[in-house]
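Trainee: I'd like to learn how to read a two-chain model. Could you walk me through it, one feature at a time?

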There are 2 protein chains.
Amino acid sequence: MPDLAPWRSPLSRALHRNRALAYARYLQLATVRTDGRPANRTVVFRGFLDPGNQLKFITDGRSAKVEQMQRHPWGEVCWYFPKTHEQFRLRGSLMLVQAHQTDSALRAHRQQQWRELSDNARLQFTWPTPGDPRAAAESFAALAPEPESPPDCFCLGLLVPTQVDHLELRGEPQNRTLYTQTETAQTGDRHWISQSVNP
Amino acid sequence: MPDLAPWRSPLSRALHRNRALAYARYLQLATVRTDGRPANRTVVFRGFLDPGNQLKFITDGRSAKVEQMQRHPWGEVCWYFPKTHEQFRLRGSLMLVQAHQTDSALRAHRQQQWRELSDNARLQFTWPTPGDPRAAAESFAALAPEPESPPDCFCLGLLVPTQVDHLELRGEPQNRTLYTQTETAQTGDRHWISQSVNP
């Protein structure tokens, strides 16, 4: 069972202190487009894959970011907490858990995530293809799909952080800590080192 | 004098309706690192370069994003407005206005931006190099530099949007409009077209 990374504790504290703001669970995910230029959009934090330090989000297999993640599986999340004036930047590799996933544990995580969604969130996966010219109103179904079998376009996305940059704007002058995952050359064991750096 | 782009009006409305939240002027800027992976951080919106549709932000010439912008001058901003539940994604080219800028109008904009900063914001440009191991407390000056002559490391950054994606989560079901800058082949004239697309 993987240990909790050392940045999990300040991140949990930030989530707790900002819990009154629903949008404190919204974060911005940057990817690289197929033309090499950056893309950036808001996603909702869906918790951590248990056990482990991987951030969960959901996405539609028909959206541009899925193609981007398949071509270039690297991302950086920027997460600003308004109440406590702090920012976490988490970068690492991106993974997609799709309908054809063969790993049974990951398949179960995808099913579980689908069950946990609200009807409104599930409904969006029945809508016409995102980004296409606006379809007629009647193409947008009003009945949410049932919670047991996710549609093919439903993807669970994972960010596997290898570096986390935590900036506290309220420090004196400001505090910034860099957490970096490193690998022991001989054993291949991974561990985190943290360093206080200039803001 | 350039016309206001058609996305300026919904963006102004969002800024106005969210004006009670200081952090509604914070947005996330994605760039591409020198290793080709994405980077993402919060910057403060400093208004538009007048006249025109270019978004202003400030940055420290010693920060990683300046090197990224020089190597790969493309960015995408993700701007979420909490009160009105809407998101603007603005993508385009990035420009840096630095101390050695030769264009006199841009030089003046950089000077003007420096003058408009708070003492606290100006102070940060005197701090030790961002991202280096944390310097001793006495290295962080307590006296803000004077407002007339910006230090060499002070950069005015500009995002020159060529596509804007506006998503209103409160629509029925949701509204999404794509604004794209296009060029007339014969004359080279640029204009914006807007299209309603599926959310």
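Trainee: How many residue pairs are in polar contact across the interface of chain B and chain A?

Mentor: A polar contact is a pair of N or O atoms within 3.5 Å; within protein, one must be able to donate a hydrogen and the other to accept it, and residues adjacent in sequence count only if both atoms are side-chain atoms. Here the rule finds 26 such residue pairs between chain B and chain A, both residues at pLDDT 80 or more. On chain B, strand 1 (26-32), strand 2 (38-44), strand 4 (74-81), strand 5 (86-97), strand 7 (175-183) and strand 8 (190-197) each supply at least two residues of the side that touches chain A. Strands (E, at least two residues) and helices (H or I, at least four) are DSSP runs, numbered from the N terminus.

Mentor: Before we go on, this is a predicted model: local features need pLDDT of at least 70, side-chain atom pairs count only at pLDDT 80 or more, and totals for chains, interfaces and linings use all residues. Residues are numbered from 1 along each chain as its sequence is written, chains are lettered from A and ligands numbered from 1 in the order in which they are written, and side-chain values use heavy atoms, leaving out hydrogens and water.

Trainee: How many salt bridges cross the interface of chain B and chain A?

Mentor: A salt bridge is a side-chain nitrogen of Lys or Arg within 4 Å of a carboxyl oxygen of Asp or Glu. The rule finds 2 across this interface. In one of them, A:Glu76 pairs with B:Arg33, with the closest N and O atoms 2.3 Å apart.

Trainee: How much area do chain B and chain A bury between them?

Mentor: Buried area is the accessible area (1.4 Å probe) that two parts lose on being put together, summed over both. For this pair that's about 4,100 Å², 52% of it on carbon and sulfur atoms. In chain B, B:Asn40, B:Arg134 and B:Asn198 lose the most area to chain A, together 18% of what that side buries.

Trainee: Which residues of helix 1 of chain B are buried?

Mentor: Buried means under 20% relative accessible area, exposed over 50%, and partly exposed in between (1.4 Å probe, protein chains only). In helix 1 (residues 8-17) of chain B, they're B:Arg8, B:Pro10, B:Leu11, B:Ala14 and B:Leu15. Seen down the helix axis, these fall within an arc of 165°, so they line one face of the helix; the arc is that of the directions from the helix axis to the C-beta atoms. They pack against strand 4, strand 5, strand 6 (154-168) and strand 7 of chain B.

Terms used:
Contact means heavy atoms within 4.5 Å.
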